[in-house]
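Colleague: I am new to this one. Could you show it to me, and then take my questions about the terms?

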Amino acid sequence: MPACHKAHPQPNTPSGARRIVLAGNPNTGKSVFFNYLTGMYVDVSNYPGTTLEIYSGRLGSDAVIDTPGVYGISSFNEEERLARDIILTADLVLNVVSAAHLERDLFLTQQIIDTGVPVIVALNMMDETKRAGLEVDGERLSELLGVPVIPTVAVKKEGLDRVKAELFTARPGNATPGLEEELAPLLPLVDTRGEALLVLEGDPVVAARHGCAPGTRQEEIYRRRRERVNEIYRQAVRETSRGAGFGTLLGRWMLKPATGIPMLLVTLWVMYKVIGVLIAGTVVEFTEETVMRGIYEPAIRNFVELFISRSSVPGAILTGEFGLLTMTVTYLLGLLMPLVAGFYFFLSLFEDSGYLPRIAALVDRLLNAVGLNGRGIIPLILGFGCVTMATITTRLLSSDRERIIAIFLLGLTIPCSAQLGVIAGMLAGLGGQYVALYALVIFGVLVMAGTLLSTFLPGEPVDLLIDLPPLRVPRLDNVLKKTGIKSYHFLKEAAPLFALGALLISIFQLTGVLEFLQNLLAPVTVGWLRLPRETATALIMGIVRRDFGAAGLTALDLNPLQTIVALITITLFVPCIASILVIFKERSKGEAALIWGGSWVIAFLMGGLVAQLARLFNPFGANPGVAPVTLIFAVLTLVVAGLALFLRRSRQTTNNPGIGG
Amino acid sequence: MFGLPKRHRCRGWRCTEQPPPGPMTLAEVKRGQRCRIINIPSEKIRAQALRFGIAEGEIVTCREKIPAGPVVIARNRQEIAVGRRLARQIQVQQI
């Protein structure tokens with residue numbers, strides 16, 4: 001081992017305060033413990049160097065810090081790296097485990113114990129063990145782990161007071177056998193035992209921090225830890241029944257395509273009814289029109305006018321057409337907030353019940369074709385709510401390659417709920433064949449763009465390897481809490497960007513840049529897309545907000561084919577200004593610029609292709625050839641996707657001919 | 001598919017041919033069958049699988065096979081879905 005040097009990256013805590021860290025697998029109910037321990041006072045902060053947020057609060061004079069749910073601590077993804085760094089600097093760890101899922105959860109517990117930090121275990125969800133046909137012996141578990149174990153049912157507040165009272169009885173537990181001897185030579189070289197453990201386990205980041213070569217024993221240590229965990233499980237848990245209850249059966253049905261696909265369709269239909277009809281219609285009507293436009297906007301306009309004239313430049317920027325205090329606030333709170341909360345509600349419901357990983361498994365194969373794996377379904381569904389929100393959510397994807405593909409597909413092909421509302425209204429008046437043409441072109445572009453990106457981007461797709469937790473009835477308070485937290489995060493992250501977007505567009509309008517762009521675009525819209533000159537205005541508005549662009553089309557006098565061409569173009573057109581600002585923030589400048597520019601090219605290319613093909617098949621325009629154009633696009637999609645898949649396969653064969661052999 | 005050696009491909013109740021003896025891949029295990037994991041290809045995947053309790057040498061049950069999609073395997077109460085491409089690279093021995 002080369003000489004290590006000591007290094008200490010420290011998140012800030014006031015001196016003297018103890019750092020109490022909450023850790024556990026995903027969905028074990030950590031947040032309930034966090035809220036119980038810290039009361040209402042919660043700090044949300046960006047952890048230095050990452051885009052993930054962590055919560056911290058106070059318990060007396062000590063700090064309580066939450067960590068993302070992980071299965072182990074290492075460097076497999078951003079969440080793990082963050083959890084690792086927080087746990088390594090803890091004074092004590094409150095490890096929340098699910099009693100019905102100990103085989104999985106105890107691996108993390110044992111790994112935390114191996115770092116040498118004092119640990120106390122909350123054996124949560126004790127009420128679920130009976131239903132699962134399990135009997136967990138908490139005292140035996142405590143004996144074997146060497147740390148206090150307290151049974152709890154967090155959502156019913158059972159055992160929480162005991163956890164709080166006995167928090168400081170936490171103590172270092174029994175390490176994985178053989179580890180002490182292996183750690184001994186490292187300890188003088190590295191600050192703490194925890195960091196020594198991670199160096200030994202070959203964690204590249206921690207090793208680099210100390211200037212050590214990462215160890216090569218990860219697998220062996222993991223294996224021994226797994227054996228120990230299995231042994232503890234055997235001794236502390238007794239299976240009373242095989243527990244093939246209704247939940248197990250339902251979980252199986254969700255995975256079988258014959259039953260799983262209809263179930264997914266029904267779920268999506270319910271989602272559409274609730275979000276697309278109830279929230280987008282009734283709720284938004286009230287929040288946007290009645291509250292924001294009816295009460296808030298006139299009030300704020302009158303108030304600002306006391307100080308600044310509405311026709312002055314600052315007046316226009318604050319309360320004009322794209323005003324920072326009018327449009328931005330109305331849009332965010334009146335329109336987006338109810339929709340985003342609705343989407344997050346369903347997402348939390350799926351997450352809490354255990355349905356989400358099953359959806360991911362079911363659609364995995366389909367998403368493989370466009371270079372994503374099953375987990376990619378989450379941002380794609382969220383995109384129908386708000387592309388900005390979905391773009392932020394792509395953080396959960398495990399590779400950079402997947403993030404680029406997902407962000408590009410979201411920006412290019414997924415119409416957000418606001419835009420979808422306008423589009424649906426315009427499509428309703430046309431015949432079924434026009435709707436089919438629209439849907440096919442958009443879906444075709446998604447497939448073509450995805451397969452091409454997946455073929456030509458360097459790297460390999462990440463294979464799905466996902467835990468399928470037992471299904472359970474979602475806990476409403478849990479779901480609501482998650483919805484609230486996620487919606488708040490979205491608002492916090494997106495609001496400044498929406499404001500910046502509004503500011504930019506006000507400046508464009510006031511300086512005449514907007515008009516200039518409209519004139520610049522006219523030849524393309526008239527000559528190539530065969531649309532009226534005024535369509536350019538709608539497109540320029542589409543740069544700001546996607547639904548503005550679509551709404552701008554309703555004012556034009558278009559024949560059915562022109563409507564379809566215009567809708568295809570506006571759907572594929574650039575993502576709204578807030579989305580593109582998020583992309584700039586999340587990705588490199590060059591990539592964001594490429595996505596933005598690429599959307600222009602693809603939107604005009606596809607829209608124009610439809611217009612020109614339709615003219616070709618029926619030059620006199622009375623009854624344009626919709627059917628042949630639809631067919632040509634279907635064939636084009638198949639050919640492009642097929643070609644891309646073929647290229648990828650043949651490349652794989654030449655690269656690693658021995659796979660699976 | 002491409003680049004893989006030809007293996008036992010027939011399925012369904014009409015099939016009378018016995019699967020070839022010796023190691024096969026996880027993708028070839030049928031629903032309900034049990035098998036022992038012989039080899040998991042990448043170190044990173046091995047580490048992730050170990051956290052879920054699925055290790056080389058362990059016996060797992062194939063709970064479900066989503067057509068052309070992931071293979072769902074279980075060990076005791078723990079279920080995980082393994083992408084088909086990865087399942088083709090995991091060597092198992094049928095029991």
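Modeller: Start with the naming. Helices (H or I, at least four residues) and strands (E, at least two) are DSSP runs, numbered from the N terminus. Just after H15(A), Gly371(A) takes a positive phi of about 85 degrees. This is a predicted model: local features need pLDDT of at least 70, side-chain atom pairs count only at pLDDT 80 or more, and totals for chains, interfaces and linings use all residues. Residues are numbered from 1 along each chain as its sequence is written, chains are lettered from A and ligands numbered from 1 in the order in which they are written, and side-chain values use heavy atoms, with hydrogens and water left out.

Colleague: How do you know that the span of H15(A) agrees with what it should be?

Modeller: The expected span is 1.5 Å times one less than the number of residues. Helix H15 of chain A has 15 residues (355–369), so it should span 21 Å. Its end C-alpha atoms are 23 Å apart, which agrees.

Colleague: What is the bend at Val363(A)?

Modeller: About 55 degrees, in H15(A). A bend is the angle between axes fitted to the seven residues ending at a residue and the seven starting there.

Colleague: Why is H15(A) called largely enclosed?

Modeller: Buried means under 20% relative accessible area, exposed over 50%, partly exposed in between (1.4 Å probe, protein chains only). In H15(A), 11 of the 15 residues are buried, so the rest of the structure largely encloses this helix. Among them are Tyr355(A), Pro357(A) and Leu367(A).

Colleague: What do the buried residues of H15(A) pack against?

Modeller: Contact means heavy atoms within 4.5 Å. The partners include helix H12 (257–305) of chain A and strand E5 (78–82) of chain B.

Colleague: What makes Glu128(A) and Arg475(A) a salt bridge?

Modeller: The rule asks for a side-chain nitrogen of Lys or Arg within 4 Å of a carboxyl oxygen of Asp or Glu. For Glu128(A) and Arg475(A), the N to O distance is 3.2 Å. They qualify. Glu128(A) lies in helix H4 and Arg475(A) in the loop between E10 and helix H21 of chain A, so the pair ties together parts 347 residues apart in sequence.

Colleague: Why is Glu128(A) called buried?

Modeller: Its relative accessible area is 12%, so Glu128(A) is buried. Arg475(A), at 16%, also counts as buried.

Colleague: Is Glu143(A) buried or exposed?

Modeller: Exposed, at 55% relative accessibility. Glu143(A) forms a salt bridge with Arg140(A), with the closest N and O atoms 2.6 Å apart. Arg140(A) is partly exposed, at 25%.
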